[in-house]
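Reader: I'd like to go through this one with you. Can you put it up?
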Amino acid sequence: MASQEENLRRALESDAPLTAAVHQRDVARQAAEARNWDEASMVGRTVTINRPREELYAFWRDFRNLPLFMENIVSVEVLDDRRSRWTVAAPADRTVQWTSAITDDEDGRLIAWEAEPGGDIKNVGRITFRDAPPGRGTEVTAEIVYDPPGGDLGKLIAKLFAKEPKMQARHDLRRFKQLMETGEISTSQAPDAAPRA
Amino acid sequence: MRALTWHGKHDVRMETVPDPKIVNPRDAIIKITSTAICGSDLHLYDSYIPTLHKGDILGHEFMGEVVETGPGSTLRKGQRVVVPFVIACGKCFHCEKTQFAACDNSNPAEKADMSEVMYGYPMTGAFGYSHLTGGYAGGQAEYVRVPYSDVGPIVIPDGLEDDKVLFLSDILPTGWMAAENCDIEPGDTVAVWGCGPVGLFAIQSAFLQGAHRVIAIDHHPNRLALAQSMGAQILNYHDVKVREALFEMTGGIGPDAVIDAVGLESHGFTIDNVLDAVKATVKLGTDRPHVLREVILACRKGGRVSVPGVYGGMGDKIPIGALMEKGLQVKTGQTHVQRYTKKLLEMIGEGEIDTTFLISHRLPLENAPEGYKMFKEQQNEVTKVVLKPDWDKEVVQ
């Protein structure tokens, strides 16, 4: 059996690195080990958006835009050019918070971040923007690794994230695509958008 | 406002519900002047579609007058418009290729999961047709909210009354695309299974697209008579073995192109176990593709198979050998309505297409529940029911 290191190397060299990495769980494990986390979960998702790479990067890079399409985010307060304060809705009318710092930033290509110690959820992630085939926009990949916290708060957060973290990532990226392509987010919310009895 | 709402099997009601509002910049609000009951509405009525919620407003064939517009709408108040049943953003990869029924964006994120699990990719939004296709309120109502109103609705010139253009919303483009998917060549014989509205419009469209001959297959005498009046030869499958008859009528060659305008629905779309099956990750044996088997077996070698009929899950015993060995070409799909409305409106305006022959009954919207009952129980006589919101309720015997 191949070593974890070998598996990870093969995943990263794969043409579908996200699928390979998630499948092998080594990206999350390695992230957790490097940071002395108890455990780690990873979610990742790729979507093609019919807009130029630079435009998508610029929209995302202004973190104040993120609550426009991310369902659970209450607010993102930009502290300086690297750090931002995140407030996220949790069940039972609670919120969780952390401060996130940019660890890598390539104009038009990549934004990576990591939560500073002391926040409610340990998390590290990155979003990458790659050109799709000519005339077809941009392939956007989001990857987030997080440490599900313990205690009562942990249970709440588990409800928030671990219930269907993949589904949450899927919904948020789908709304990002809708907003960037159409200028609005599709809705059939009753009563205004879609009345029902 | 007043609206036709679904409450369960054979239980649809006229109720007072909140008025829709503009919520997105490209929205418009339409005051409905005419709306039809579609054959596929019957399968909601029969409770075969599980993702409908009690109180949902039905209806995906409708037209009316623009009464309110968002800042991104290109419509103007007072314009008369027909609205395609497919909701399409006009901006995504698929819409740019005019594959409007594959629009990436119109199904809201929280509604898209089920079809993504079923089909690998989320389906496009549609009006009044369950939460699988977005949970949008339908048009069997006094008003409807139309998203992306700069893309879908087509403005109708004064002088063309509702009944002449209403079917641009669904069944006329669907029949037209069914024929177009046959790639009709001079001398072709096209066989059409199912003489419901889509089948009849497919027959009409096939002739307009140059078919030498159309053969129509059904068992309702009145519907076969309508097909015959349009110039089709007819086969009643209660009287003949269809494949043998087609073989005989085509000199042993078989029809050049075949259209399945039936789908699984007329045989009962037993999708009620789909939800459970989806939860257990797709393993569906729900569809009854009787007609699909027939069309594949009947089609000539190297011929074309067009499938406007709706299928939803997995089909069993498809004659895959005949499909491959005969070298058939298959084209399917929900209709890219927005691709065809302009051309078809012109043809209606010039008198090349008349669709009013289909309408057998016109009723006040308040009588919609009776309309559903009639359409379900008297398929031979009731070919199409059109509902008028501004007509006073009448007593129907």
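Reader: Of the contacts in chain A between residues at least 6 apart in sequence, what share joins residues at least 24 apart?
Author: It is 44%. Bear in mind that this is a predicted model.

Reader: What is the secondary structure of chain A?
Author: Six helices and seven strands. From the N terminus the order is α-α-α-β-α-β-β-β-β-β-β-α-α.

Reader: How much of chain A counts as buried?
Author: 34% of its 197 residues.

Reader: And which domains does chain A have?
Author: The assignment gives domain 1 (1-36) and domain 2 (40-181). Seven residues of domain 1 of chain A are in contact with ten residues of domain 2 of chain A.

Reader: Which helices supply the domain 1 side of that contact?
Author: Helix H2 (17-24) and helix H3 (26-35) of chain A each supply at least two residues. H3(A) gives the most, with five residues.

Reader: How does that side divide by class?
Author: Six nonpolar, no polar and one charged, on the side of domain 1 of chain A that touches domain 2 of chain A.

Reader: What about A:Asn36, where is it?
Author: A:Asn36 is in the loop between H3 and strand S1 (41-49) of chain A. Its phi is near 60 degrees, a positive value in a residue other than glycine.

Reader: Buried or exposed?
Author: A:Asn36 is exposed, because it has 8 other C-beta atoms within 10 Å, and the cut-off for exposed is 12 or fewer.

Reader: Which residue of chain B has a positive phi although it is not a glycine?
Author: B:His10, at about 55 degrees. B:His10 sits in the loop between strand S1 (2-8) and strand S2 (11-16) of chain B. B:His10 counts as exposed, with 12 C-beta neighbours inside 10 Å.

Reader: Which residues does a cis peptide bond join?
Author: A:Ala190 and A:Pro191, with omega about 0 degrees. A:Pro191 is in the segment after helix H6 (165-182) of chain A. As background, most residues other than glycine have a negative phi, and most peptide bonds are trans.

Reader: Let's switch to A:Asp131. Which strand is it in?
Author: Strand S6 (residues 122-131) of chain A. A:Asp131 is partly exposed, because 13 other C-beta atoms lie within 10 Å.

Reader: What does A:Asp131 contact, leaving aside neighbours within four places in sequence?
Author: A:Arg53 and A:Thr138. As for A:Arg109, 22 residues away in sequence, the C-alpha to C-alpha distance from A:Asp131 is 9.2 Å.

Reader: On to the contact between chains. How many residues does each chain put in?
Author: 22 residues from chain A and 36 residues from chain B. The chain A side has six nonpolar, eight polar and eight charged residues.

Reader: Now chain B. What are its domains?
Author: Domain 1 (2-170 + 336-388) and domain 2 (175-332). Their centres, taken over C-alpha atoms, are 25 Å apart.

Reader: At what angle do helix H5 (residues 171-180) and helix H12 (residues 337-349) of chain B pack?
Author: About 100 degrees, with the axes 9 Å apart. H5(B) and H12(B) are therefore roughly perpendicular to each other.

Reader: Which residues meet there?
Author: B:Leu172, B:Pro173, B:Trp176 and B:Met177 in H5(B) meet B:Val337, B:Tyr340, B:Thr341 and B:Leu344 in H12(B). By class, that contact has seven nonpolar, one polar and no charged residues.

Reader: And the largest nonpolar core, which residues touch the most other members?
Author: B:Ile30, B:Val190, B:Val192 and B:Ala202, out of 114 residues. At least three residues of this core come from each of domain 1 (2-170 + 336-388) and domain 2 (175-332) of chain B. Another core, of 29 residues, lies apart from it and includes A:Val27 and A:Val96.

Reader: What does B:Ala202 touch, not counting residues up to four places away in sequence?
Author: Its contacts include B:Gly175, B:Val192, B:Ile259 and B:Pro308.

Reader: Last one. Why does B:Val385 count as buried?
Author: Because B:Val385 has 22 C-beta neighbours inside 10 Å, and 20 or more is the cut-off. B:Val385 is in strand S15 (residues 385-388) of chain B. Away from its sequence neighbours up to four places off, B:Val385 touches residues including B:Ala36, B:His361 and B:Phe375. B:Gly371 is 14 residues away along the chain, with 6.5 Å between its C-alpha atom and that of B:Val385.

Conventions:
Residues are numbered from 1 along each chain as its sequence is written. Chains are lettered from A and ligands numbered from 1 in the order in which they are written. This is a predicted model: local features need pLDDT of at least 70, side-chain atom pairs count only at pLDDT 80 or more; totals for chains, interfaces and linings use all residues. A nonpolar core is a set of buried Ala, Val, Leu, Ile, Met, Phe, Trp, Tyr and Cys residues joined through C-beta atoms within 7 Å. Domain bounds come from an automatic or database domain assignment. Two residues are in contact if their C-beta atoms, placed from the backbone, lie within 7 Å. Helices (H or I, at least four residues) and strands (E, at least two) are DSSP runs, numbered from the N terminus. Ala, Val, Leu, Ile, Met, Phe, Trp, Tyr, Cys and Pro count as nonpolar, Asp, Glu, Lys and Arg as charged, and the others, Gly among them, as polar. Axes are lines fitted to C-alpha atoms, for helices over the stretch in contact, and angles run from 0 to 180 degrees between N-to-C directions. Angles under 35 degrees count as roughly parallel, over 145 as roughly antiparallel, 65 to 115 as roughly perpendicular and the rest as oblique.
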